[in-house]
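Let's take a walk through a protein model together. Have a look at the picture first, and then we'll go through it piece by piece.

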Amino acid sequence: MPLDFTKHFVAVPMEFKLRNNTGCSWKVMVKLRNGRVTLDQGWATYAAIHQIKIDYMVTFKLLTPDTLKVIIFDDDGIEVVNKCGKHDEAFAAKE
């Protein structure tokens, strides 16, 4: 995460819920690595299930202190809409 983004937190949470454009939520762990905050456990699976590819653009909007809205755009700039059915129960966030 960019430092300009994380400086707005009093304390960065240890986990975020990622909410997609259909309202589904996914849990990812946060890790401090080389002085930077990174999305860790759960992110690789999220990216694979949502078929995020090189040249795709992913935007994050802070909804609550521990929830980010994620919007994915393909390489043509078209928003990718994902269904919730494939989420791994281990990382699906409980509402």
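Start with aromatic pairs: rings of Phe, Tyr and Trp (its six-membered ring) pair if their centres lie within 6.5 Å, and planes under 30 degrees apart count as stacked, over 60 as edge-to-face and the rest as tilted. The structure has three such aromatic pairs. In one of them, tryptophan 43 and phenylalanine 60 sit 6.1 Å apart centre to centre, with 50° between the planes, and that makes the pair tilted. This pair links distant parts of the chain, since tryptophan 43 is in helix H2 (residues 43–49) and phenylalanine 60 is in strand E4 (residues 57–64), 17 residues apart. Ring pairs also tie Trp26, Trp43, Tyr46 and Phe60 into a cluster.

A quick word on where this comes from. The model is predicted, with local features needing pLDDT of at least 70 and side-chain atom pairs counting only at pLDDT 80 or more, while totals for chains, interfaces and linings use all residues. Residues are numbered from 1 along each chain as its sequence is written, and side-chain values use heavy atoms, leaving out hydrogens and water.

Now zoom out. The protein chain has two helices and six strands, where helices (H or I, at least four residues) and strands (E, at least two) are DSSP runs numbered from the N terminus. Read from the N terminus, the order is α-β-β-β-α-β-β-β.

Back to E4, which runs antiparallel to strand E5 (residues 67–73), with seven bridges joining them; strands pair if DSSP finds at least two bridges between them. Threonine 59 has isoleucine 71 in E5 as its bridge partner, and a hairpin of two residues connects E4 to E5.

What about the inside? Buried means under 20% relative accessible area, exposed over 50%, and partly exposed in between (1.4 Å probe, protein chains only). Of the 95 residues in the protein chain, 33% are buried. Tryptophan 43 is partly exposed because its relative accessible area is 22%, and phenylalanine 60 is partly exposed too, at 35%.

A nonpolar core is a set of buried Ala, Val, Leu, Ile, Met, Phe, Trp, Tyr and Cys residues joined through side-chain atoms within 4.5 Å. The largest one has 14 residues, and Met1, Phe16, Leu18, Val28, Leu39 and Tyr46 touch the most other members. Strands E1 (15–19), E2 (25–33), E3 (36–39) and E5 each give two or more residues to this core.

Finally, follow leucine 18. Not counting residues up to four places away in sequence, leucine 18 touches residues including Trp26, Trp43, Tyr46 and Phe60, where contact means heavy atoms within 4.5 Å.
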